[in-house]
Amino acid sequence: MKAYAVAYSIALQETLQRRWSFLMERLGSFAVVVSLFSFWSALLGDKPEFLGYTRAEMLTYSLVLNFLMSFVFTGRGWMLVGEISSGRVSSYLVRPVSYQGYSLALDLAQKSVHAVSALLEIGVLTLIVGGLFLPRDPAAWALFAASAVVASLLFFFLEFCVSTLAFWTSESGGPLFCFELFVQFAAGAFFPLDVLPATLRRLLESTPLPYMAYYPARILLGKVPAGEAMRLVGLELLWLAGAVLLAGWAWRRGVRSYAAEGG
């Protein structure tokens, strides 16, 4: 554990040292949330609600997505692809640490910085616009926090699985790009899944994707009763367990293939 803690600390310092790169990333994220905020404001107009969401709830949903985009969908998939393609991954195979654990420590460092920044941005927007929905039940906040943490881990391991395609093909960047774009769309990171046709929504709800943004946001907004929210977090944990097993299997197969080709 000490090795992973050191890796986390070093990655945290490196992330903070790349000030301009980090600033550009945050400005991009801030622009997205302001765009979503403006879009829903214009769409709602003088309507009291839309798709079962009040004005305050819909605007809060947009701000929650800014946090989830920063905490859940920030990953190291492209770095893993680069390390495999360049051969740098070989140096990790001889170290007395788990590459998944090491990569997760670096990922958490990156997510920590982006999540704190997202909270500051949300605070600024809240002071400017006001009138947002804030749940008063502590259970809603606790269940949201739990679902967000599990969602972040779920995305990490699913992205890890896709990134291991680099063991077999040099064109793995395309599938990874499509994966990230599709996951954010299907997870409800741009809009509530309520806007989709019922059949398509039910299809997506049978996958782990809505657990990364749609369900956590609904839990915070109080759209899900406490008992149902606990059930959703339990199902999310099952999806996470499956993703961990799949990532481990893909890594082992990839390493065997990589070792065979490298001689």
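This is a predicted model: local features need pLDDT of at least 70, side-chain atom pairs count only at pLDDT 80 or more; totals for chains, interfaces and linings use all residues.

Me: Salt bridges to begin with. How many are found in the whole structure?

Reply: A search of the whole structure gives 5 salt bridges.

Me: Which residue does lysine 223 pair with?

Reply: Lysine 223 makes a salt bridge with glutamate 57, and their closest N and O atoms are 2.8 Å apart. Lysine 223 sits in the loop between helix 10 (214-220) and helix 11 (226-262), while glutamate 57 is in helix 3, so the pair ties together parts that are 166 residues apart in sequence.

Me: And glutamate 57, is that buried or exposed?

Reply: Glutamate 57 counts as buried because its relative accessibility is 10%, under the 20% cut-off. Lysine 223 is partly exposed, at 25%.

Me: Why would such a pair form at all?

Reply: Side chains of opposite charge can pair when their charged atoms come close.

Me: What does arginine 218 meet in a salt bridge?

Reply: The partner is aspartate 194, with an N to O distance of 3.7 Å. This pair also links distant parts of the chain: aspartate 194 is in the loop between helix 8 (173-186) and helix 9 (198-205), and arginine 218 is in helix 10, 24 residues apart. Arginine 218 is buried, with 16% relative accessibility.

Me: Where do arginine 201 and glutamate 205 lie?

Reply: Both are in helix 9, 4 residues apart, which is about one turn of the helix. Glutamate 205 is partly exposed, at 27% relative accessible area.

Me: What lines the largest cavity?

Reply: The lining is Arg76, Gly77, Leu80, Ser103, Phe156, Glu159 and Phe160. Helix 4 (77-86) and helix 7 are the elements that give two or more residues to that lining, and helix 7 has the largest share, 3 residues. By class, the residues divide into 3 nonpolar, 2 polar and 2 charged.

Me: How much space lies in the second largest pocket?

Reply: About 320 Å³. The second largest pocket is lined by 16 residues, and Val64, Leu119, Trp141, Phe144 and Leu220 lie nearest its centre.

Me: Which helices supply that lining, and what classes does it have?

Reply: Helix 3 (55-71), helix 6 and helix 7 (138-163) each supply at least two residues. The lining of this pocket has 14 nonpolar and 2 polar residues, and no charged ones.

Me: Surface now. Which residues make the nonpolar patch of about 270 Å²?

Reply: Leu23, Met24 and Leu27 make that patch. Leucine 23 is in helix 2 (residues 19-44), and leucine 23 is partly exposed, at 37% relative accessibility.

Me: Last one: where is leucine 108?

Reply: Leucine 108 is in helix 6 (residues 99-129) and is partly exposed, with a relative accessible area of 32%. Leucine 108 and arginine 76 are 32 residues apart in sequence, and their C-alpha atoms are 9.8 Å apart in space. Arg76 is also one of the residues that line the largest cavity.

Methods
Residues are numbered from 1 along each chain as its sequence is written. Side-chain values use heavy atoms; hydrogens and water are left out. Buried means under 20% relative accessible area, exposed over 50%, partly exposed in between (1.4 Å probe, protein chains only). Patches are made of residues with over 30% relative accessible area and no salt bridge: like charges are joined within 9 Å, nonpolar side chains (Val, Leu, Ile, Met, Phe, Trp, Tyr) within 5 Å. Accessible areas come from the Shrake-Rupley method with a 1.4 Å probe; for residues, only the protein chains shown count as cover. A salt bridge is a side-chain nitrogen of Lys or Arg within 4 Å of a carboxyl oxygen of Asp or Glu. On a 1 Å grid over the protein atoms alone, a cavity is a set of points where a 1.4 Å probe fits but cannot get out, and a pocket is an open set with protein on both sides within 12 Å along at least five of seven lines; lining residues have an atom within 4 Å of a point. Grid points are joined across faces, edges and corners, and a volume is the space filled by probe spheres set on the points. Ala, Val, Leu, Ile, Met, Phe, Trp, Tyr, Cys and Pro count as nonpolar, Asp, Glu, Lys and Arg as charged, and the others, Gly among them, as polar.
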